[in-house]
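Subject: A structure for you to look at

Hi,

Here is the structure I promised to pass on. Have a look at it first, and then read my notes below.

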Amino acid sequence: MKEAITAIKGFKDILPGQAGKWQQVEAVARRTFSDFGFKELRPPILEKTALFVRSIGEATDIVEKEMYTFRDRNEESLTLRPEATASLLRAYIEHHIYTSDQVSKLYTMGPMFRRERPQKGRFRQFHQIDAEILGLADPRADAELMLLLHTLFQRLGLSRLQFEVNSLGCPDCRPSFRLALVAHLAQGEELLCADCRRRLKTNPLRVFDCKIEGCGRALVNAPLVPDYLCLPCLDHFRKVREYLDSFGLNHVVNGRMVRGLDYYQRTTFEVTIKQEGASLAIVGGGRYDGLIRDLGGPDTPGIGFAIGTERLISLLDLPDERFLDPPALFIAAQGKEAADLAFLMCNRLRIAGVSAEINYTGKSLKGQMKEADRLGAAYTLILGEREIQEGQAELRHMGRATQQKVKLAGIETEIAGIISTR
Ligand code: HAM
């Protein structure tokens with residue numbers, strides 16, 4: 001055999017045994033988005049590189065180190081999307097969606113690409129379930145998004161997740177915080193790693209994201225954004241929290257949560273869990289009021305979140321098998337004539353909307369019954385020479401171990417009727 005080609009490091013297959021869980025999560029998410037008035041938009045996964053540089057920010061880890069960027073054959077620089085927000089906003093601007101709806105609620109789901117170091121819960125191709133509310137500066141938008149998330153978690157049986165919230169201020173109050181932070185970090189500059197020393201000049205907020213111990217020590221007693229908020233930002237943050245309280249939504253303020261993307265203003269939030277000592281973010285989101293304007297659109301506010309789908313699925317403590325879609329009927333056949341009839345019957349039933357299966361490899365009757373069991377078929381029908389001669393066969397309900405005789409003439413209609421009322 002030739003040497004087999006494997007998948008790229010950090011890129012994962014979602015195998016048939018696992019895909020049922022994905023379908024379930026996506027279905028619950030779609031239903032929840034629909035209940036909250038969100039519409040799906042599916043942007044392409046490849047965009048012009050400038051879109052991400054301009055939105056996520058030049059001095060961020062994503063843009064500096066993690067993007068899959070390449071030159072197309074015409075020398076244009078293209079990038080596999082590292083997140084969905086920028087693409088959704090580009091589409092919103094390009095198709096003038098703001099002219100038909102003053103407030104747009106959009107969602108999308110799909111693969112994202114970041115060339116990070118693969119480890120538990122971190123991949124180079126991963127998936128996000130992303131939602132954005134565009135055109136609403138009101139704190140109700142912030143609270144509604146978190147309530148949507150909370151509802152989605154509850155519907156998936158996840159009830160004890162806690163939101164961390166913060167406000168990063170606005171262009172009026174952020175500069176005074178930035179000055180205070182730089183002054184504080186400059187005192188302990190020798191503790192900072194080389195990257196953070198550079199960040200001190202380019203993007204000091206990013207120091208909060210650094211995992212290196214010295215940088216952590218330099219941040220002890222550092223000023224925190226919520227202490228520097230201007231009155232309108234304070235008021236906005238207070239109202240968001242009041243709405244969250246009115247929905248009984250558990251949350252804590254984490255003044256150190258700055259998020260890894262540069263476009264945020266005012267409210268930011270995350271849902272994180274502790275796993276094997278490390279904390280893992282399941283959801284990240286926040287408000288980005290100047291971004292649509294910076295991307296060439298109208299001066300429209302926006303806020304959104306993205307769930308890491310792999311991480312969300314890893315929290316669902318249910319066996320993959322629970323999500324497999326078993327056939328309603330398995331037709332076990334003995335002999336050539338019966339096998340041909342089973343093949344026809346099975347496909348006619350499928351066309352009529354009954355999920356049905358047969359064995360294609362000539363297994364013994366016992367082997368076929370085992371297969372029906374393994375697949376979890378609700379019913380089996382046994383077809384042999386005798387059944388064909390008698391013009392009727394036994395339909396067995398596997399769970400109840402009961403049987404009933406069905407006539408072969410017009411069997412598809414009869415079985416479809418029995419199975420739809422089971
Ligand atoms: P983010 O925090 O970069 O935000 O990513 C959101 C979520 O995607 C994370 O909390 C995590 O669950 C998942 N994620 C990120 N990187 C990886 C990875 N390498 N492997 C597995 N999962 C990962 C954003 O992307 C923003 N666009 C969120 C947003 C939407 N803000 C406003 N609107």
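A polar contact here is a pair of N or O atoms within 3.5 Å; within protein, one must be able to donate a hydrogen and the other to accept it, and residues adjacent in sequence count only if both atoms are side-chain atoms. Please keep in mind that this is a predicted model, in which local features need pLDDT of at least 70, side-chain atom pairs count only at pLDDT 80 or more, and totals for chains, interfaces and linings use all residues. Residues are numbered from 1 along each chain as its sequence is written, and side-chain values use heavy atoms, with hydrogens and water left out.

Let's start with the ligand. A side-chain N or O atom of Thr-85 lies 2.9 Å from a nitrogen atom of the ligand. Phe-123 has a polar backbone atom 2.9 Å from a ligand nitrogen, and at Gly-308 a backbone N or O atom is 3.3 Å from a ligand oxygen. The protein buries 95% of the 660 Å² that the ligand exposes when taken alone (accessible areas come from the Shrake-Rupley method with a 1.4 Å probe; for residues, only the protein chains shown count as cover).

Which residues come nearest to the ligand? Of the 27 around it, they are Glu-83, Glu-116, Phe-123, Tyr-264 and Ala-281 (near means that a heavy atom of the residue lies within 4 Å). Strand S10 (278-287) is one of the elements that give two or more residues to this shell, and S10 makes the largest contribution, 6 residues (strands are DSSP runs of E, at least two residues, and helices are runs of H or I, at least four, numbered from the N terminus).

Now for the cavities. On a 1 Å grid over the protein atoms alone, a cavity is a set of points where a 1.4 Å probe fits but cannot get out, and lining residues have an atom within 4 Å of a point. H8 gives the most, with 3 residues.

The second largest cavity holds about 30 Å³ of space. Lys-12, Ile-14, Gln-125, His-127 and Glu-310 line this second cavity.

Enjoy exploring!

Notes. 1 Å grid on protein atoms, 1.4 Å probe; cavity = no way out; pocket = protein on both sides within 12 Å on 5 of 7 lines; lining within 4 Å. Points joined across faces, edges and corners; volume = space filled by probe spheres on them.
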